[in-house]
Amino acid sequence: MDLYAYHYTPSLRHKILSLLLLPFSALYGLIATLKRLAPRILYGKQGRDFGLPIISVGNLIAGGSGKTPFIIALCKHLCLFRYGHIAVVSRGYKRQSKGLIWVSKQGRILADVATSGDEPYLIASALAGHNVSVLVCKNRAKAIKQAKAQGAQLILLDDGFRFCFKKFDVILRPSFEPFYPRFIPSGLYRESHSLYGKLASSPRAIIAQENIDFTREVQITNPSPKMFLITAIANPTRLLAFLPAMDKDCEIIGRQFFPDHHHFTPQEIHAILGSYAPTSLLTTQKDATKLQDFSQILSIMELALHIHPSIVCALRAYIDEMDSSPRERSERDLCIADYLYTPNIPTPSATLAADTPAYQSTHLSSDDPVQILCAIEKRIFASLARTQCPNATSKSNPLESTFSTSILLAWAWLPCDTTSVQNGLLDSALGILENAFCDGLVDFWLDARLYTSKAPSHTHRLSLAQSFPHRSSAWHYLFDTLFAPLCASIKTGAKMADIGAKMGAKAPEISAKVEANEAKQAKVAKVDSSDALAALRTQAKELSWDSPELFSITTLRIGLTKKGWGYYKQRITMS
């Protein structure tokens, strides 16, 4: 039976079979749930504490969701931020060994693929030369203790969701999910599908959605005219989307899928070579670790996984919260992600002049990604702090106070020049801004004065954060309606240096328009029939959070909250 068709594109026969298997799925679900929850009786709801940060990367379904490339990409990010010795703990499924095995120690490979298993060996190979160790052991607690004894300061747990440890869970959710939200064998879920909703609101978990929170990019090394696809991964059909287009210089002449973690034999490879006579074997990086004897005829699909900055920021915030040494934390060159959730730790960052024009594009020449993020953070906050700080002792409405110190979004600083966009600095800046908003440091307000020539029926003072039950959902709403289209237009060829210059030239014009509209608030302006734009604005519906099509950089304001002003004064301006 075609298992892929059964789980993803079932026929009527498959659906009947799924119903017949429901009793077995109920039994499986009961056992899986008991195994996950029973240890809480001994260790409590928080789980077993090993005294160091533990990040688990897992999923709810059986089979691949990208855990291995996600761990590799995450380790490379964390190494850049100097978190010390990182240990990756895995089971080493279908390895030809038992007990605890050090696959690599601080970037030096110590075991072969047969001893370690294909996925741990791939992780160790991809991170060779980094301060990362890889261990395999069925007893994860034993491996964590051993890694800590050898100086590990951070643990990445491969597929560790079900373990009752004190940890942060990253749950990878595939873009194409199984048809049935049921337990094995009726469905494909190892854990309850309902956990997606429960984990979404957990402070110690994050749902990483494929193609949103992480994306894949595949490049084929050593391509040849006639390639035969061979792989032994879970759900191998997902590779088809990354195959090259058929042409005379590059053709896929056939394919053969093996069970996940299958160890290829020389007889199997020679049979394929004899039957199809390919010029090369096309395979994945994971499979290539088990085809080293045929390395000269391999075309490898090299996968690069890109993690959204907001995911990395959330994980770094957890690591710093778990860090028992504030002194070590303060000695690192840090960005906003390190201190959003630790407000008592000062940052050693240098001061940025607060009067830097918001639209002035500045080249960030440092090669250190941490220093670049620090510079982005300081410029964003400095551009928002160019107004008078509200009086903390004022008896006025606190909401009015924060609105009065806000600025037009057009005047806020973002690295939108062509070079910054190409280098990913704009995405990093939006990740910083997202975390600042979700932690209550900044907020957004509507400003109808530049949108309409009518006198406002009432004063708009409802903030974005007050209009949604959760700040995270509010940010996604604003990002989808404003920032995503803006970024798309920038990345498709807009010259932001020219846009910045135009914004700078128009700043006095915008200010004059605001003053003119304020003077006319007592009476309705007469509409000139020849002014189509003015007529359109007069007749348009009222600007509100329910009219996202009207959002722009001149109809929204952004400003620091009182918590944000405290953050700015204590950290950004500290020399």
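What follows is a working chat about a predicted model of a protein.

User: Quick overview first. How many helices and strands are in the protein?

Analyst: The protein has 21 helices and 16 strands. Keep in mind that this is a predicted model.

User: And how much of it is buried?

Analyst: Of the 575 residues, 49% are buried. The protein exposes about 27,400 Å², and carbon and sulfur atoms supply 55% of that area.

User: What about contacts, what share comes from residues 24 or more positions apart?

Analyst: That share is 76%, counting contacts in the protein with a separation of 6 or more.

User: OK, surface next. Which residues make the nonpolar patch?

Analyst: Met1, Leu3, Leu12, Ile16, Leu17 and Leu20 make a nonpolar surface patch of about 630 Å².

User: Which helix gives the most to the patch?

Analyst: Helix α2, residues 12–20, gives the most, with 4 residues. Leu12 lies in that helix.

User: Is Leu12 buried or exposed?

Analyst: Exposed. Leu12 has a relative accessible area of 64%, and the cut-off for exposed is over 50%.

User: What about Ser18, where does that lie?

Analyst: Ser18 also belongs to helix α2, but Ser18 is buried, at 0% relative accessibility.

User: What does Ser18 touch?

Analyst: Setting aside residues up to four places away in sequence, Ser18 touches Tyr6, Tyr180, Arg182 and Ser186. With Ser186 there is also a polar contact between the side chains, at 2.8 Å.

User: How many bridges does β16 make with β15, and in which sense do they pair?

Analyst: β15 and β16 (residues 556–560) pair over 5 bridges, in the antiparallel sense. On the other pairing, 2 bridges join β14 to β16, again antiparallel.

User: Which residue of β16 stands opposite Phe444?

Analyst: Ile558 in β16 stands opposite Phe444. Ile407 stands opposite Ile558 as well.

User: Which way do the side chains point?

Analyst: Val442, Phe444 and Leu446 point one way from β15, while Asp443 and Trp445 point the other way. All of these residues are buried.

User: Let's move to Thr283. Where does it lie?

Analyst: Thr283 lies in strand β12, residues 280–284. Thr283 is buried, with a relative accessible area of 0%.

User: What is Thr283 in contact with?

Analyst: Apart from its neighbours within four places in sequence, Thr283 is in contact with Ile230, Ala288, Leu291, Leu298, Ser299, Ile300 and Met301. A polar contact of 3.5 Å also joins the side chains of Thr283 and Asp287.

User: Now charges. How many salt bridges does the count come to?

Analyst: The count comes to 11 salt bridges. One of them brings together the side chains of Lys166 and Asp49, at 3.9 Å from N to O. Lys166 lies in the loop between β6 (154–158) and β7 (168–173) and Asp49 in the loop between α4 (40–43) and β1 (54–58), so this pair ties together parts that are 117 residues apart in sequence.

User: Where do Lys166 and Asp49 fall in terms of accessibility?

Analyst: Lys166 is partly exposed, at 26% relative accessibility. Asp49 is partly exposed too, with a relative accessible area of 47%.

Technical notes
Residues are numbered from 1 along each chain as its sequence is written. This is a predicted model: local features need pLDDT of at least 70, side-chain atom pairs count only at pLDDT 80 or more; totals for chains, interfaces and linings use all residues. Side-chain values use heavy atoms; hydrogens and water are left out. Patches are made of residues with over 30% relative accessible area and no salt bridge: like charges are joined within 9 Å, nonpolar side chains (Val, Leu, Ile, Met, Phe, Trp, Tyr) within 5 Å. Accessible areas come from the Shrake-Rupley method with a 1.4 Å probe; for residues, only the protein chains shown count as cover. A salt bridge is a side-chain nitrogen of Lys or Arg within 4 Å of a carboxyl oxygen of Asp or Glu. Buried means under 20% relative accessible area, exposed over 50%, partly exposed in between (1.4 Å probe, protein chains only). Two strands pair if DSSP finds at least two bridges between them. A polar contact is a pair of N or O atoms within 3.5 Å; within protein, one must be able to donate a hydrogen and the other to accept it, and residues adjacent in sequence count only if both atoms are side-chain atoms. Contact means heavy atoms within 4.5 Å.
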